[in-house]
Amino acid sequence: GEWTSHQFLENLERTTAVADYINKNIPKDGVKILMAGEIHRYYFERRTVREKGFARQTRYWEIFKTPAEVVEFLKKQGITHVLWARSIKGQGKYSPLRVNDLVRDPEISPQFFDLLYEGRSKNIRDEVYDYALYRIQVAG
């Protein structure tokens, strides 16, 4: 059978489902999403920042000593959400204070982040990725 345009994207672009969720459910104004582990940003209709470049520029995980300090710094930089992404093949761990690991730590994450979305890409051409979208808690 033939694919619809949405099926085409879902089968060939790994970010389709998570970008659709964000574009439909996250307000446009006042939102800045830190993309932790995902480089594909084309289909996201929100302001995004790649965590790797952000980390390189700020060295935040070396400057701050606690998760609370890291989260407060993210807020001061205007970061409102974190999109965590990881190939199902897995990747190594980051520094304990890198946001990539903070959001997935079962003891730390609930103190600072609200989980909004979890899903797996359905693409057939590229590596399959797991995604989780978190909102940074305003109080905390």
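**Group meeting: a walk through a predicted model**

Good morning. From the N terminus on, the elements of the protein chain in this predicted model run α-α-β-β-α-α-α-β-α-α-β-β. That comes to 7 helices and 5 strands, where helices (H or I, at least four residues) and strands (E, at least two) are DSSP runs numbered from the N terminus.

A word on conventions. Residues are numbered from 1 along each chain as its sequence is written, and side-chain values use heavy atoms, with hydrogens and water left out. Because this is a predicted model, local features need pLDDT of at least 70 and side-chain atom pairs count only at pLDDT 80 or more, while totals for chains, interfaces and linings use all residues.

I begin with the overall form. Along its principal axes, the C-alpha trace spans about 55 × 35 × 25 Å. Of the 140 residues, 44% count as buried; buried means under 20% relative accessible area, exposed over 50%, and partly exposed in between, with a 1.4 Å probe and protein chains only. Among contacts (heavy atoms within 4.5 Å) with a separation of 6 or more, 61% join residues 24 or more positions apart.

Next, helix H2. Which residues of helix H2 (residues 16-25) are buried? They are Thr 16, Val 18, Ala 19, Ile 22 and Asn 23. Seen down the axis of H2, these buried residues fall within an arc of 165 degrees, so they line one face of the helix; the arc is that of the directions from the helix axis to the C-beta atoms. In general, an α-helix has 3.6 residues a turn, so residues three or four places apart point the same way. The buried residues of H2 pack against helix H1 (5-12), S1, strand S3 (81-87), strand S4 (113-120) and strand S5 (129-136).

I turn to Glu 38, placed in the loop between strand S1 (32-36) and strand S2 (47-50). Glu 38 counts as buried, at 1% relative accessibility. The side chain of Glu 38 makes a polar contact with the side chain of Tyr 131 at 2.5 Å, and reaches the backbone nitrogen of His 40 at 2.7 Å. A polar contact is a pair of N or O atoms within 3.5 Å; within protein, one must be able to donate a hydrogen and the other to accept it, and residues adjacent in sequence count only if both atoms are side-chain atoms. Leaving aside neighbours within four places in sequence, the contacts of Glu 38 include Arg 14 and Tyr 129. Arg 14 in turn lies over the face of Tyr 129, at 4.0 Å from the ring centre. The criterion for a charge over a ring is NZ of Lys or CZ of Arg within 6 Å of the ring centre and within 35 degrees of the ring normal.

Finally, the aromatic rings. The structure holds 9 aromatic pairs. Rings of Phe, Tyr and Trp (its six-membered ring) pair if their centres lie within 6.5 Å; planes under 30 degrees apart count as stacked, over 60 as edge-to-face and the rest as tilted. Ring pairs link Phe 54, Tyr 60, Trp 61, Phe 64 and Phe 73 into a cluster. Thank you.
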